[in-house]
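This note is meant for a colleague opening the model for the first time. Please read the points below with the structure in view.

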Amino acid sequence: MKPRVFIVDDHALFRSGVRSELGDEVDVVGEADDVEPAIAGIAACLPDVVLLDVHLPGGDGGAVVTAVKAGHPEVRFLALSASDAPEDVIAVIRAGARGYVTKTISSAELVDAVRRVAAGDAVFSPRLAGFVLDAFAAGPPAGAGRPSFDPELDQLTPREREVLRLIARGYTYKEIARELFISAKTVETHVSSVLHKLQLSTRHQLARWATERRLT
Amino acid sequence: MRRQQDDRLAGGVAAGLAARTGFDVTVIRIAFVVATVLSGGFVALLYLLAWLLVPAAGAESNIASKAVTDRRGIALAVGLVSLLIVVLPLASVLHAGLLGSLAWPVLVGTAGLVLIWRNSPADEQAVLRRLAAPLLGLTTSKRRSGLVLRIVAAFVLAAGGVAALASAHENISLLRPLAGVALVISAIAVLLGPWWLRIARDLVVERGARIRAEERADIAAHVHDSVLQTLALIQRRADQPQQVIQLARAQERELRSWLFDGRAPGSIDGTTTFADGVRLIQQEVEAQHGISVEAVIVGDCQLDDNLAALLAAAREATVNAAKWSGASVVSLFAEVEPAEVSLFVRDRGRGFDPAAVPGDRKGLAESVHARMARRGGSATVRSAQGEGTEVSLTMPRAAGERQPSQA
């Protein structure tokens with residue numbers, strides 16, 4: 001079954017481009033150019049996957065995710081954007097998007113990413129993997145911060161780090177599986193677990209990391 | 001600790017210790033010699049042990065790990081050491097304690113040297129040969145008369161000295177033993193002096209040659225990165241005269257500024273951080289080769305000479321991917337960690353067989369591998385026909401400071 005896709009982007013040219021690129025592989029059920037129409041449109045047609053631009057004229061993509069998730073938690077989001085500031089990307093992911101890919105992605109890879117998100121997996125582009133490595137790299141949370149509620153959520157396992165590094169180097173899941181002698185399913189499990197940590201970690205560091213970025 | 005190749009007299013152990021402890025290398029060498037004499041040769045054995053066990057700078061394994069598989073070498077060494085079984089009882093029978101105490105370090109040391117000789121890389125064998133050749137030349141020298149004269153003079157001096165020493169205990173005069181020691185020392189100097197002089201002279205000559213060779217390699221790498229790359233581009237864009245003129249002008253400016261103002265071409269002037277350097281590579285390659293370069297950078301740090309070399313190698317690898325792979329996207333991933341900086345250049349183009357690259361194609365061998373090796377880093381290339389190419393570069397870091405990247 002073809003996944004039903006909704007496209008949110010303020011550039012009409014880009015929307016039609018994606019529509020034609022995805023072509024017959026997916027079912028594009030609707031599109032919107034700003035936060036308000038997107039929330040209404042998504043609620044009306046309940047797609048499997050929403051392709052969401054991180055920056056919209058009336059706010060950021062995170063607002064759409066939060067509003068839709070409140071009423072329809074089953075709708076899945078894939079952030080699709082030109083190279084953006086890491087804090088905005090992380091904000092959309094923390095709001096509940098299941099992945100982030102850059103607009104330079106090839107058609108085949110985009111279709112693959114949509115299928116993955118529709119199936120409930122996480123999709124990490126090299127750029128997102130880099131952001132996550134950076135955000136979790138700063139070592140143990142600083143003593144000055146408030147104590148973390150769940151230390152498990154506040155750090156990546158060595159294996160997760162390895163997987164993220166390979167994603168950042170441009171490897172596909174299949175290539176990562178071959179490189180690390182694990183199954184593609186296990187790679188997906190690691191990526192999903194990283195996404196989970198990214199969304200739920202109360203890590204002080206993560207917030208501070210984003211703040212530092214905004215300042216610089 | 002690593003044995004230093006640049007400043008070595010024999011195995012580079014003293015130079016390595018000097019680099020590690022910060023003492024002057026000459027001080028350490030003198031200390032070595034004094035300790036060797038005082039310990040009856042024992043410290044010289046320690047030196048050989050260090051030569052065997054401490055890897056050379058830039059090498060991954062030590063000589064000993066190769067020596068354990070060298071059956072003939074081990075057999076020779078064991079044979080030499082077993083001579084001790086003959087010499088030691090003989091020495092005790094003859095009451096020649098001196099012979100016995102000298103035999104130990106000499107034989108074990110020779111055994112160690114045999115293992116080093118058989119298992120060291122070619123450049124270290126050359127050092128050993130340089131040390132040994134004049135000594136062996138003592139017996140095969142063409143100027144026999146001079147040699148005979150020297151041996152005779154040394155013998156007379158030594159005999160006089162030994163006689164003076166031997167008669168010293170009968171005579172109360174304190175001057176006698178001193179004179180004896182002086183005579184014996186001058187005998188040794190007459191016999192071995194020319195050899196020492198030659199070693200010292202060869203060392204100076206060899207060091208000069210090595211510095212010249214390294215300078216030449218650096219210049220070749222620079223010219224390859226700039227002029228040769230531009231010439232290749234000009235050939236490919238021969239049908240676009242405007243672009244050709246532009247390229248030629250830019251290259252002329254760059255070459256002039258390098259030749260006359262001392263600024264390195266393609267160097268990351270003006271930028272002070274590593275991440276800026278990576279982004280500059282991204283922009284330059286995208287502009288010059290019309291492909292997209294995706295850069296993912298984790299962490300950042302100040303740029304130093306080593307990291308500038310890493311960036312130059314990365315730039316070369318990226319340009320290669322842009323020119324030859326046929327892929328439309330090249331991915332760069334750079335990560336700054338406390339202990340090292342790594343950088344990966346990957347494309348999904350046609351790939352090649354790294355073993356089949358002709359030796360005169362400088363790009364990979366000189367610009368990437370050698371450049372990294374000269375700075376203590378490493379480079380590996382993974383590629384297969386039709387599966388694209390990945391070049392991995394790592395450079396160890398001196399200071400462990402890490403900054404967040406400014407994306």
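1. Two strands count as paired if DSSP finds at least two bridges between them. The model discussed here is predicted.

2. Strand S2 of chain B (residues 329–336) and strand S3 of chain B (residues 340–347) are joined by seven bridges and run antiparallel. Within this pair, Val345(B) in S3(B) stands opposite Leu332(B).

3. These strands belong to an open sheet of five strands in chain B, with the order S1-S2-S3-S5-S4 and mixed pairing. Strand S1 (292–298) and strand S4 (378–383) of chain B are its edge strands, each pairing on one side only. From one strand to the next, the twist averages 10°.

4. Two helices of chain B should be noted against this sheet. Helix H11 (residues 274–289) of chain B packs on the sheet and touches S1, S2 and S3, with its direction at about 175° to that of S1(B). Helix H12 (residues 305–325) of chain B also packs there, touching S1, S2, S3 and strand S5 (389–396); its direction makes about 5° with that of S3(B).

5. Chain A has an open sheet of six strands, ordered S2-S1-S3-S6-S7-S8, with parallel pairing.

6. Strand S6 (residues 76–81) and strand S7 (residues 99–102) of chain A run parallel and are joined by three bridges. Leu80(A) has Val101(A) in S7(A) as its bridge partner. Helix H5 (residues 107–118) of chain A packs on the sheet, its contacts including strand S1 (4–8) and strand S3 (49–52), and its direction makes about 155° with that of S6(A).

Methods
Residues numbered from 1 in each chain as written. Chains lettered and ligands numbered in written order. Predicted model: local features only at pLDDT ≥ 70, side-chain atom pairs only at ≥ 80, totals over all residues. Heavy atoms only, no water. Helix = DSSP H or I, 4+ residues; strand = E, 2+ residues; numbered from the N terminus. Contact = heavy atoms within 4.5 Å. Axes fitted to C-alpha atoms, helices over the stretch in contact; angles between N-to-C directions.
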